[in-house]
Amino acid sequence: MARYRRELRDRWLAVRLGLAGRQHQYGEIVALRRFIAHFAIDCVIDVGANAGQYATMLRRDVKFGGTILSFEPNPVVCAALERAAGKDSNWHVYNIALSDRDGEAEFNIMAADQFSSLNRPDQGLEAIFAERNRVTETVRVPCARLDSLLPDLMPARDARAFLLKMDTQGHDAQVCSGASAVLRHMTGVQTELAVRPLYAGATDYRTMIALLAEAGFVPNAIFANNKGHFPLLVELDGLFVRAELTLGGNVPIV
């Protein structure tokens, strides 16, 4: 019976997303629903939050009711993020970049703000990316390692199971480097996996998977993040789980 209920719920989700033009998010939402429920995730660290699209999806589609810590360095976009968090007392916003060092950094604001990054755009991009991923302004922003910040963040003090989500436009490996101590407390990690790196110095999908394996994580789900770029496969999103949590026999249907 639980399987039938889940299948009906997922079919209704597919219809609703299709009507809204969001069918590309189906795999991610289904994977997150199951992951968050099975591993009892109660705190999501949302790195590279932009205007709050991911956190809003967690609330609206995944039905996650736990703590969200959203980090966004772009001061203009962060104002929109704070408005999105609004009256949600479990959604906390921080206007700071996460990286592999503490201090300040140059942040590149792109023509399409969701492409903004601590990294510069790569050279020789296809036309569809060259215009969107064009630097229009560079600003100084505070940056910090998650190792430095997380122990002092009051909203995370009582959390038992963390999911670290990174969407930093080519900078995810540096975020992981700055979180080497706290990574062992993460139940899961969600990250960009670049098939066609758009940023100078960005880590490709093979290297990112290897870095997470070295940190003790194995893949749980992979889904394409490819709306509007057909026939190119530019990037994937990967959901990873701490390896020891996969041991212990059959996984129940959630």
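# Exercises on a predicted model

Leaving aside neighbours within four places in sequence, M110 is in contact with F115, S116, S117, N119, P121, R132, N133, R134, V135, T136 and Y199. The structure is a predicted model, and the exercises start from this residue.

## Exercise 1. The setting of M110

Determine in which element M110 lies, and whether M110 is buried or exposed.

**Solution.** 
1. M110 belongs to strand β5, which comprises residues 103-110.
2. The relative accessibility of M110 is 2%. Buried means under 20% relative accessible area, so M110 counts as buried.
3. The contacts of M110 beyond four places in sequence include R132, N133, R134, V135 and T136, and also Y199.
4. For E82, the separation from M110 is 28 residues in sequence and 20 Å in space, C-alpha to C-alpha.

## Exercise 2. Two residues with positive phi

For A40 and Q169, state the value of phi, then locate each residue and classify its accessibility.

**Solution.** 
1. As background, most residues other than glycine have a negative phi.
2. A40 has a phi near 50 degrees, a positive value in a residue other than glycine. For Q169, also not a glycine, phi is positive and near 55 degrees.
3. A40 sits in the loop between α2 (26-38) and β1 (43-47). Q169 is placed in the loop between β7 (162-166) and α7 (172-177).
4. With a relative accessible area of 51%, A40 is exposed, the cut-off for this class being over 50%. Q169, at 10% relative accessibility, counts as buried.

## Exercise 3. The chain as a whole

**Solution.** 
1. Along the principal axes, the C-alpha atoms fill a box of roughly 55 × 45 × 40 Å.
2. Of the 254 residues, 48% count as buried.
3. Among contacts between residues at least 6 apart in sequence, 68% join residues at least 24 apart.
4. The chain exposes about 12,400 Å², of which carbon and sulfur atoms supply 54%.

## Exercise 4. The annotated span

State which residues the UniProt annotation "domain: Methyltransferase FkbM" covers, and describe that span.

**Solution.** 
1. According to the unreviewed UniProt entry, the annotation covers residues 46-218.
2. Residues 46-218 are 26% helix and 27% strand.
3. The end C-alpha atoms of the span lie 20 Å apart.

Methods:
Residues are numbered from 1 along each chain as its sequence is written. This is a predicted model: local features need pLDDT of at least 70, side-chain atom pairs count only at pLDDT 80 or more; totals for chains, interfaces and linings use all residues. Side-chain values use heavy atoms; hydrogens and water are left out. UniProt positions are given in the numbering used here, feature names are shortened, and annotations may be inferred rather than shown by experiment. Helices (H or I, at least four residues) and strands (E, at least two) are DSSP runs, numbered from the N terminus. Buried means under 20% relative accessible area, exposed over 50%, partly exposed in between (1.4 Å probe, protein chains only). Contact means heavy atoms within 4.5 Å. Accessible areas come from the Shrake-Rupley method with a 1.4 Å probe; for residues, only the protein chains shown count as cover.
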